[in-house]
Amino acid sequence: MSGNVQLLTDTLAAAKAEGRSALIAYLPAGFPTVDGGIEAVRAVFDGGADIVEVGLPHSDPVLDGPVIQTADDIALRGGVKIADVMRTVREAYEATGKPVLVMTYWNPIDRYGVERFTAELAEAGGAGCILPDLPVQESALWREHAEKHGLATVFVVAPSSKDERLAEITAAGSGFVYAASLMGVTGTRESVGAQAQDLVRRTRGTGTELPVCVGLGVSNRAQAAEVAGFADGVIVGSAFVKRMLDAPDHASGLAAVRELAGELAKGVRGQA
């Protein structure tokens with residue numbers, strides 16, 4: 001079975017055709033439980049997300065701030081496994097028909113086996129993988145198997161990335177480019193700002209046709225509208241996870257992430 005890279009491409013193109021950015025949400029698998037995590041992904045899709053990234057919980061998530069680290073810790077203590085991540089992708093995709101990616105550090109894939117991971121992700125209906133710590137120059141094996149199985153390879157660029165490096169990354173990637181809006185870890189910010197806009201401009205300056213989507217720091221409708229003014233997609237993670245963590249019970253958490261997705265969906269349509 002082939003993965004859903006084309007669905008991802010078509011979804012981003014459809015948002016662009018509507019004159020707006022795509023809303024990309026992030027939630028870790030297994031949080032607060034495997035079943036509860038699947039319900040949360042479906043809730044953000046119901047609220048208006050176009051695409052969801054399912055995080056593969058990791059014991060040392062170097063890119064992630066305290067909110068996502070807390071959720072990862074809950075998932076890991078609950079015994080989440082790669083099979084649960086694949087199940088989350090499968091059930092979310094089958095329920096919605098929308099693109100679902102996995103965001104993961106490289107070590108779990110390396111240990112699991114690249115061929116096995118890509119084959120299972122494609123079989124689950126996954127659209128691809130975001131790999132924040134896989135260097136492009138060490139990615140040939142992954143990209144070979146991802147391409148064979150119809151999966152996108154999404155690399156992360158940062159404000160510190162030199163133009164030459166941006167060109168190398170955009171040439172190797174597929175699906176979209178994940179532009180980290182500022183140096184540091186994930187988390188909500190007061191402003192997302194000029195650094196992100198400059199990074200999007202420089203990434204597009206490589207001549208890439210890949211959409212450039214901005215993450216790290218967006219947490220509300222106004223910020224989503226700001227980023228939507230210059231990016232092809234707006235990525236929101238910590239704000240969703242925080243809603244789940246702060247909720248008094250699971251049903252309230254689902255309602256909270258659904259509501260946030262609705263607010264952000266208005267934001268990416270320029271409704272600040």
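This is a predicted model: local features need pLDDT of at least 70, side-chain atom pairs count only at pLDDT 80 or more; totals for chains, interfaces and linings use all residues.
Tyr112 is buried, with a relative accessible area of 18%; buried means under 20%, exposed over 50%, and partly exposed in between, with a 1.4 Å probe and protein chains only. Residues are numbered from 1 along each chain as its sequence is written, and side-chain values use heavy atoms, with hydrogens and water left out.

Let me stay with the aromatic residues. How many aromatic pairs does a search of the whole structure find? The search finds three. Rings of Phe, Tyr and Trp (for Trp, the six-membered ring) pair if their centres lie within 6.5 Å; planes under 30 degrees apart count as stacked, over 60 as edge-to-face, and the rest as tilted. Tyr112 and Phe117 have ring centres 6.2 Å apart and planes at 85°, so this pair is edge-to-face. Phe117 is buried, at a relative accessible area of 0%. The ring centres of Phe117 and Trp142 are 6.2 Å apart with planes at 55°, so that pair is tilted. Phe117 belongs to helix H6 (residues 114-123) and Trp142 to helix H7 (residues 140-148), so the pair ties together parts that are 25 residues apart in sequence. Helices (H or I, at least four residues) and strands (E, at least two) are DSSP runs, numbered from the N terminus. Trp142 also counts as buried, at 0% relative accessibility. Trp106, Tyr112, Phe117 and Trp142 form one aromatic cluster.

Phe155 is buried, with a relative accessible area of 3%. Its C-alpha atom is separated by 5.8 Å from that of Leu131, 24 residues apart along the chain. Leaving aside neighbours within four places in sequence, Phe155 is in contact (heavy atoms within 4.5 Å) with residues including Leu131, Arg143, Ile169 and Tyr178.

Finally, a helix pair. The axes of H2 (residues 34-47) and H12 (residues 250-268) come within 7 Å and cross at roughly 30°. Axes are lines fitted to C-alpha atoms, for helices over the stretch in contact, and angles run from 0 to 180 degrees between N-to-C directions. That makes H2 roughly parallel to H12; angles under 35 degrees count as roughly parallel, over 145 as roughly antiparallel, 65 to 115 as roughly perpendicular, and the rest as oblique. Among the residues that meet are Ala40 and Val44 in H2, and Leu254 and Val257 in H12.
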